[in-house]
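Hi,

Here is the structure I promised to pass on.

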Amino acid sequence: MAKKFVVACGGTGGHTFPGLAVARELRARGHEVVVWASGRSIEGAVMKAWDGAVFSTGARPLSVRNMLANLFSILRCRREMKRFAPDALLAMGSYSSLPPVLAARARHVPVVLHEANTVPGRAVDFLSRYAKKVAISFEETAGHLKMRDTVLTGLPVRAEVAGQPRFEDVPSESFCVFVTGGSQGAHRVNELACQALVLVRQEFAKKGDGRKLFVIHQTGAADEAWVREKYANAGIACRVNAFEREMGRAFATADLVVARAGASTCFELALVGKPTFFIPLPSAMRNHQHFNAQAFVKKGAADEGVQEALTPRALANYVYHKSGNADSLARKALAMKSLATPDAAARVAALVEACAR
């Protein structure tokens, strides 16, 4: 029987993309689905991936300054919850989950939470007491939520990133490195990778063995111009965009990925089976990106660098070594692929259906 569901996601691409994947799965199963997002401009580019109904909650990051705004958001969510009367709510974590979950509790609507990272964020930690089930992406997360009913589902990611063709303008004989700091970019990753890849280009030229370098770089809006100029001045063939709209093709073209270790990035890389060098965000809540990266490093799927200790020369040495070691890259690619959960959206959707009133 068709039901009505709310999927609350937003804040960053890492929380929004998985929510939209489940929303599409629930809609494909014949249900009526409304996506609840905070309505902040930061979600704009990501929300274009959803062509269904959207409700703006007005949720804001948790702080004393935003207390009044979040109070209004809770009241707004309660009114909409009463009007729409969903059979269940799926909340994907972050501050954008707080008003919807509290509104659902007030209306006695069953709640399913999803935690993307190894270490639960503050929102999931607090809201899990109101949830019927907590879907988790990493086995390790259950140890942090010992008193909750957790279900290992994996992290829903954009299925369209898999099976895409290479970029035609990237020579097949080039060693291609894809650098991404996430949907908003990461300034320190941009600096480290850009300087390192200039050094790699110099090493290729010095050796004179004919190897060529190609770089795909998702920079975020603030760094796009100078990164493109730096590569141009170094004679590096590149594709530089603030926001890469063809991630599937970028992954397909890359021989090696340099990335932050947000959960969505990790599981998309697993889906496409790409060897990766992670540079976790050191200021991430509860250092969760480091623990995300370690879950992949332990399986032999990736390597990790500590941002504060990593130098452009060290990163250049790593990339240069990997460029001449196809066997190592192939082993990491296989290990990465083994960690994929391509049916995660279906697993989460089935859990939401099971919890519906």
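The second largest pocket has a volume of about 310 Å³. Its lining counts 15 residues, with Ser 137, Phe 138, Glu 139, Lys 299 and Leu 339 closest to the centre. By type, that lining splits into 6 nonpolar, 4 polar and 5 charged residues.

Before going on: this is a predicted model, where local features need pLDDT of at least 70 and side-chain atom pairs count only at pLDDT 80 or more, while totals for chains, interfaces and linings use all residues. Residues are numbered from 1 along each chain as its sequence is written, and side-chain values use heavy atoms, leaving out hydrogens and water.

The largest pocket holds about 1200 Å³ of space. (A pocket is an open set of points on a 1 Å grid over the protein atoms alone, where a 1.4 Å probe fits, with protein on both sides within 12 Å along at least five of seven lines; lining residues have an atom within 4 Å of a point. Volume is the space filled by probe spheres set on the points, which are joined across faces, edges and corners.) It is lined by 50 residues, and Thr 12, Gly 14, His 15, His 288 and Gln 289 lie nearest its centre. Elements that each give at least two residues to this lining include helix H1 (13-28), strand E5 (111-115) and helix H10 (288-297). (Helices are DSSP runs of H or I with at least four residues, strands runs of E with at least two, numbered from the N terminus.)

Now the rings. There are 9 aromatic pairs in the structure (rings of Phe, Tyr and Trp, the last by its six-membered ring, with centres within 6.5 Å; planes under 30 degrees apart are stacked, over 60 edge-to-face, the rest tilted). Trp 36 and Phe 55 have ring centres 4.9 Å apart and planes at 50°, so this pair is tilted. Trp 36 sits in strand E2 (residues 32-37) and Phe 55 in strand E3 (residues 53-56), so the pair ties together parts 19 residues apart in sequence. Trp 36 is buried, at 1% relative accessible area (buried is under 20%, exposed over 50%, partly exposed in between, with a 1.4 Å probe and protein chains only). Phe 55 is buried too, at 12%.

Ring pairs also link Phe 138, Phe 267, Phe 278 and Phe 296 into a cluster. Phe 138 turned up above, among the residues closest to the centre of the second largest pocket.

Cheers

How values were computed:
Ala, Val, Leu, Ile, Met, Phe, Trp, Tyr, Cys and Pro count as nonpolar, Asp, Glu, Lys and Arg as charged, and the others, Gly among them, as polar.
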